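Work through the exercises below with the model open. Each task is followed by a solution in steps.

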Amino acid sequence: MSFTSQTLTGSKPEQYAQLAAQARALLSGESDRIANAANLSALIYHALPDLNWAGFYFYDGTELVVGPFQGLPACVRIALDKGVCGAAARTRQTQRVEDVEAFPGHIACDSASRSELVVPLVKHDRLVGVLDLDSPRLARFDAEDQQGLETVAAIFVEALA
């Protein structure tokens, strides 16, 4: 399958609808989580502006372990009681942080990151991991970004075997 990233157009909700459609097409017929996470992190990283990291951490039963991503090398393991990713995994609630420096226990994998959005990935009440996006811009993510990325994360979870 050949895939080219298309420029997102229109309002932010329209752009996220386009991104969701691209994600569905990209993951269609594939259930392997590594393959899908690799393709989806690349799609998100190249489609959305002002990101310096986009990727996945998978829960191994004890902690989060880095999975496929786009951006600079990342922290390999994150305890559930540490950082924004740990908070999203622990609470199973999306964490939208306008200023990571103001977040207690923030883990600075990339010192350029200023804001972060982390969506927990849960299938059949089981924590699978998190989708993590970082931006070098303060307050990069708003409620529309959160809703759009929660939809993309749900498409990923639905595709899992």
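Contact here means heavy atoms within 4.5 Å. The model is predicted.

**Exercise 1. Contacts in a loop**

Task: Find which residues Val100 touches, not counting residues up to four places away in sequence.

Solution. 
- Start with the location: Val100 sits in the loop between β4 and β5.
- Apply the contact rule. Val100 touches His106, Ser113, Arg114, Ser115 and Glu116.
- Check burial. The cut-off for buried is under 20% relative accessible area. Val100 has 1%, so Val100 is buried.
- Val100 and Val128 are 28 residues apart in sequence, and their C-alpha atoms are 24 Å apart in space.

Task: Turn to Arg114. Is Arg114 buried, exposed or partly exposed?

Solution. 
- Arg114 lies in the loop between β4 and β5.
- Its relative accessible area is 24%, so Arg114 is partly exposed.
- List its partners, leaving aside neighbours within four places in sequence. Arg114 contacts Glu98, Asp99, Val100, Glu101, Ser135, Pro136, Arg137 and Leu138.
- For a distance, take Gln18. Arg114 and Gln18 are 96 residues apart in sequence and 26 Å apart in space, C-alpha to C-alpha.

**Exercise 2. A helix pair**

Task: Describe how helix α1 and helix α4 pack.

Solution. 
- Classify the angle. Angles under 35 degrees count as roughly parallel. α1 and α4 are therefore roughly parallel to each other.
- Assign the hand: α1 passes α4 in a right-handed crossing.
- Name the contact residues. From α1 come Lys12, Pro13, Tyr16, Leu19, Ala20, Ala23, Arg24 and Leu27. From α4 come Glu144, Asp145, Gly148, Leu149, Thr151, Val152, Ile155, Phe156 and Ala159.
- Sort the residues of this contact: 11 are nonpolar, two polar and four charged.

**Exercise 3. Aromatic rings**

Task: How many aromatic pairs are there, and how are the rings of Phe56 and Phe58 arranged?

Solution. 
- Set the rule. Rings pair if their centres lie within 6.5 Å, and planes under 30 degrees apart count as stacked.
- The count is five aromatic pairs.
- Check burial. Phe56 has 0% relative accessible area and is buried. Phe58 is at 5% and also counts as buried.
- Now test Phe58 with Phe156. The ring centres are 6.4 Å apart and the planes at 20 degrees, so this pair is stacked.
- Trace the link. Phe58 is in strand β1 (residues 53-59) and Phe156 in helix α4, and 98 residues separate them.
- Phe156 is buried too, at 0% relative accessibility.
- Look for a cluster: Trp53, Tyr57 and Phe69 form one.

**Exercise 4. An enclosed helix**

Task: Why is helix α3 described as largely enclosed by the rest of the structure?

Solution. 
- Count first. α3 (residues 83-91) has nine residues, and seven of the nine are buried, so the helix is largely enclosed.
- Identify the buried residues: Gly83, Val84, Cys85, Gly86, Ala87, Ala88 and Ala89.
- Find the cover. What covers them includes β1, β2 (64-71), β3 (77-78), β4 (95-97), β5 (115-123) and β6 (126-135).
- Inspect what comes after the helix. α3 is followed by Arg92, whose phi is positive, near 60 degrees.

Note on methods: Residues are numbered from 1 along each chain as its sequence is written. This is a predicted model: local features need pLDDT of at least 70, side-chain atom pairs count only at pLDDT 80 or more; totals for chains, interfaces and linings use all residues. Side-chain values use heavy atoms; hydrogens and water are left out. Axes are lines fitted to C-alpha atoms, for helices over the stretch in contact, and angles run from 0 to 180 degrees between N-to-C directions. Helices (H or I, at least four residues) and strands (E, at least two) are DSSP runs, numbered from the N terminus. Angles under 35 degrees count as roughly parallel, over 145 as roughly antiparallel, 65 to 115 as roughly perpendicular and the rest as oblique. A crossing is left-handed if the near helix is turned anticlockwise from the far one by less than a right angle, and right-handed if clockwise. Ala, Val, Leu, Ile, Met, Phe, Trp, Tyr, Cys and Pro count as nonpolar, Asp, Glu, Lys and Arg as charged, and the others, Gly among them, as polar. Rings of Phe, Tyr and Trp (its six-membered ring) pair if their centres lie within 6.5 Å; planes under 30 degrees apart count as stacked, over 60 as edge-to-face and the rest as tilted. Buried means under 20% relative accessible area, exposed over 50%, partly exposed in between (1.4 Å probe, protein chains only).
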